[in-house]
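The following note sets out some remarks on the model under review.

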There are 2 protein chains.
Amino acid sequence: MNLEAQNNQYLINGKPSAGVSTLDRGLAYGDGVFRTFLVKNGVPHHWALQYQKLSQDCQALEITCPGNEELLSDIETLFNQTTDAVAKIIVTRGESSRGYAVPAGIQANRVVLKLAPPTYPLSNQTQGVNLHLCELKLGIQTKLAGVKHLNRLENVLARMEWSDTKIADGLLMDCDDNVIECTMSNIFARFGKKLITPSLDQCGVAGIARDRIIQSAKRFNLDVKIEALKLDKLMQADEIIICNSLFGAWQVVSFNGKQWAKQGLDSQLREMLLN
Amino acid sequence: MNLEAQNNQYLINGKPSAGVSTLDRGLAYGDGVFRTFLVKNGVPHHWALQYQKLSQDCQALEITCPGNEELLSDIETLFNQTTDAVAKIIVTRGESSRGYAVPAGIQANRVVLKLAPPTYPLSNQTQGVNLHLCELKLGIQTKLAGVKHLNRLENVLARMEWSDTKIADGLLMDCDDNVIECTMSNIFARFGKKLITPSLDQCGVAGIARDRIIQSAKRFNLDVKIEALKLDKLMQADEIIICNSLFGAWQVVSFNGKQWAKQGLDSQLREMLLN
């Protein structure tokens, strides 16, 4: 399997490179952050928000964030202007020999990857999606909560819980049985005109799509609340929506033994998110 | 800073290589495990135990563990027989494009690194060490507890809490205020003839040195108990010992505002662990 040859291209610190250092702390400790987003006709989608979140996440880990211009230059080099693709940016704290201590003068490394555009079934939009209830419970770590860091073994193990291709994502709760998010998306539950999304101050990843829905809910005549959400309350929702920057929004129509009729909020949100 | 040039050498899947794939899940998600151990005159120290733990950790994450012979061959290639050094083995789940799902047929990658031997102050042995009480509390994740996986941001952030070179390590508690371990070592507390080490079924890394002390305590006329340990009880210990495979064992003589007189158990344990 040579994935590198499958039309994937990348730059490390702005240059073509044979690979990542074996001493990179991103590999050694997951000591870094990442972003994944659409690039449409060569233009990174909602770049200002992506860069703002990348900067905030770097700051949370005290990693020096690469400059806006450097990253835009990398994207311009990698992405041509006629096709759509996905960009992934990985920023690591840099390289060090053995040991957790951070050497003075360490320099962050940036990897920018060009990846194939996502291919999701059209039925996820037209008919809605099925959600798995994950057995794995997210650990609580306030110092990492909300940050899209490279310590993602919980997501990997949770995603290993199902192989049924009809399941679009898995719902994650924390160890206190609060609903938090899905393995690759954030979640919203609508109750009448009220839209609830879980607080992410204990665990979870606060994505751009979630932020944008929160900020634009008024436009859809909805009142957003960020608050704790238990499973039994989620099950009573009029509508459940999951979202991320790549697929936009999908409605959940089957979860935990219950079905929901397909409604229209997901397509309104998707249009807002993907355009 | 070119650390690669500082006499570090490595093999990736048994071969000299320019670097790790940017699509390696070890980098993307910390999706892998590692071991660090002494190699004395070309011979990996307590290899059988290290390989057993590597296999167990791979199994915990459902990663295919590299063969014993392959790893020994890598070590033989990298380490000459006249000097002492440190080996680090990283095993990742392999490479995949975007997304947490594990592709069918994925092949694990192994990186074996030759690193410089550790240089700790001799006073750590002769006078004992100072321990920092970490503010960061370890999250609870039973599916990862005990495993030496690559999701080590908690250790990194905890280690960033101090820069005083007189502090040897930092003590970590979980979010329920149980004493668990230190950032790079396990911990034992002696009360008379009873030696307590915290249970690691909720979080923490179960190291080889800890296992070896547990198994050989009888030889030192000590009775080992693996049980929950609160901070206030730890403060009442007759003696506190920290241990890992590289430095063996050190006695803690200063921690959380209290001093302990230097005693002799650490040197007995160190001799057992390092020989």
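1. The model is predicted, and the remarks here should be read accordingly. Chain A comprises eight helices and 14 strands. Its radius of gyration is 19 Å, close to the 19 Å that the globule rule gives for 275 residues, so chain A is as compact as a globular protein of that length.

2. Along its principal axes, the C-alpha trace of chain A extends over about 50 × 45 × 40 Å. Buried residues make up 51% of the 275 residues of chain A. Among the contacts in chain A with a separation of 6 or more, 71% are between residues 24 or more positions apart.

3. Chain A is assigned two domains, namely domain 1 (3-115) and domain 2 (123-274). A distance of 26 Å separates the C-alpha centres of domain 1 and domain 2 of chain A.

4. Where the two domains of chain A meet, 18 residues of domain 1 are in contact with nine residues of domain 2. On the domain 1 side, strand 2 (32-40) and helix 2 (47-60) of chain A are the elements that contribute two or more residues. Strand 2 of chain A provides the largest share of that side, with seven residues. By class, the side of domain 1 that touches domain 2 in chain A consists of eight nonpolar, six polar and four charged residues.

5. A116(A) is placed in the loop that runs between strand 5 (109-115) and helix 4 (123-126) of chain A.

6. Turning to the interface between chains, 55 residues of chain B are in contact with 55 residues of chain A. On the chain B side, at least two residues each are supplied by helix 1 (25-29), strand 4 (85-92), strand 5 (109-115) and helix 5 (153-159) of chain B. Helix 5 of chain B gives the largest share of this side, six residues. The side of chain B that touches chain A contains 28 nonpolar, 17 polar and ten charged residues.

Note on methods: Residues are numbered from 1 along each chain as its sequence is written. Chains are lettered from A and ligands numbered from 1 in the order in which they are written. This is a predicted model: local features need pLDDT of at least 70, side-chain atom pairs count only at pLDDT 80 or more; totals for chains, interfaces and linings use all residues. Two residues are in contact if their C-beta atoms, placed from the backbone, lie within 7 Å. Helices (H or I, at least four residues) and strands (E, at least two) are DSSP runs, numbered from the N terminus. Ala, Val, Leu, Ile, Met, Phe, Trp, Tyr, Cys and Pro count as nonpolar, Asp, Glu, Lys and Arg as charged, and the others, Gly among them, as polar. Domain bounds come from an automatic or database domain assignment. The radius of gyration is taken over C-alpha atoms; the globule rule is 2.2 Å times the number of residues to the power 0.38. A residue is buried if 20 or more other C-beta atoms lie within 10 Å of its own, exposed if 12 or fewer, and partly exposed in between; C-beta atoms are placed from the backbone.
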